[in-house]
Amino acid sequence: MSTTPDGKVKLPITKLEVGDFVEEVTKQLGAVKVVQTGLVRNYFALQALKKKGVIEVLVDPSRSKKSIQQQTTTFTKKNKIESQIEAALDWQDRAHAIIDDTLERAKSHTPIDISGLQILAQQVLTLARQHKEAVALVVRCKMSNALLNSHLLRVAVSLAQFCIHQNYQPLASEHMVLAGLLSRVGYQMLPDNLRLPDDKLPPMLRVKKQQHISQLQKLLRVSGQPDEHVSRLISEQNELLDGSGYPNQLDFDKLNSAQRIFSIAIMYDSLVYGFDHAKAVGSAAAYRELMEHSPNHYDPDLLQTFIQAIGVYPAGTLVKLCSGRIALVVENQQQLTKPRVKVFYNAEFNHHLAVRIIDLAESDDSIEGTASAQRYDLDIADLISEDGI
């Protein structure tokens, strides 16, 4: 990159961005001269220059749509978000350690630290209030797998987002998030022969697998027993609105709204990430499946509210854009299908791109659907840093 005496800048095509004003093509491949000037209005215009063999351009900053005020605002916002991402990363590390300790204790049927988990619940609610999605981005990006510890943390974060979105009272929010952290701990107490998919188990063993709830309740009693609201959420987590759930076949009239959203959050995460041998289907498909089972199993109104709270494509979701690029959702906005994303990979040519943050609400590009990190052999955990959003 070099600057001319009149303040114009020579940029390699790899550094050119949407909003730059191209004064002249200064280097190119091929014999046919490319003569193209003007504002780079969108990603597709940028790609068109590359396809024509342009490798360097002269940019006029004074005519580019990047004012000093915009740059200052972005810098200030970035500094604010940097600290929130850093705090979320610290919380995630501590939470991971406490959840792992909880599961180890559960496996050996020894008392767990309920007060430590209660502090975790309070902390995630504080983080989510400071920035609605920083902690969600970190947890879903760092723990995008089907392991039990990851499942518990993601469920807790989703419930925290929902409680804040709905302006729940602090104590009710804490109960909900703590129940999320504890929800499936009973799975750790099951013998190995019961940790198979339900369709691989004969009916008798399927019923025994349902004892993960009673096993957890026994563990909680010897650990100091959490608040009765937390205990109720845990005991009713697998009840369904038509009475076909377990362990007590409760129906709509006997299940309050807190329990109904609790069940939605657990099943949603199981479907998205493939927990308990479910097929991982992605966020949009998970919503469709839950809606297909509404109102028989799930409350459709609460499901819609849950979507509004965490997003159609929640922060931390890997998506494929219509342009063929792979991106990580970093922040949802008013238009739920047009979040801010971190673009980093070209799916068509299978290579990494210079990392950029794009606001899809201001872009011609859009989300085609969710993407699988395994399909493209990507490690998205490394995409989160202090400048993550």
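Predicted model: local features only at pLDDT ≥ 70, side-chain atom pairs only at ≥ 80, totals over all residues.

Residues are numbered from 1 along each chain as its sequence is written, and side-chain values use heavy atoms, leaving out hydrogens and water.

**The helix pair**
- Helices here are DSSP runs of H or I with at least four residues, and strands are E runs of at least two, numbered from the N terminus.
- Helix α6 (residues 170-182) packs with helix α10 (residues 257-273) at an angle of about 40 degrees, and their axes are 11 Å apart.
- Axes are lines fitted to C-alpha atoms, for helices over the stretch in contact, with angles from 0 to 180 degrees between N-to-C directions.
- Met-176, Ala-179 and Gly-180 in α6 meet Ala-258, Ile-261 and Phe-262 in α10; contact means heavy atoms within 4.5 Å.

**The sheet**
- Five strands form an open sheet in the order β1-β2-β5-β3-β4, with antiparallel pairing; two strands pair if DSSP finds at least two bridges between them.
- At the edges are β1 (2-3) and β4 (38-39), each pairing on one side only.
- β3 pairs with strand β5 (residues 54-59) in the antiparallel sense over five bridges.
- Look for Gln-28, which stands opposite Val-54 in β5.

**The loop residue**
- Val-18 sits in the loop between β2 (9-12) and β3 (21-28).
- Val-18 and Ser-150 are 132 residues apart in sequence and 37 Å apart in space, C-alpha to C-alpha.
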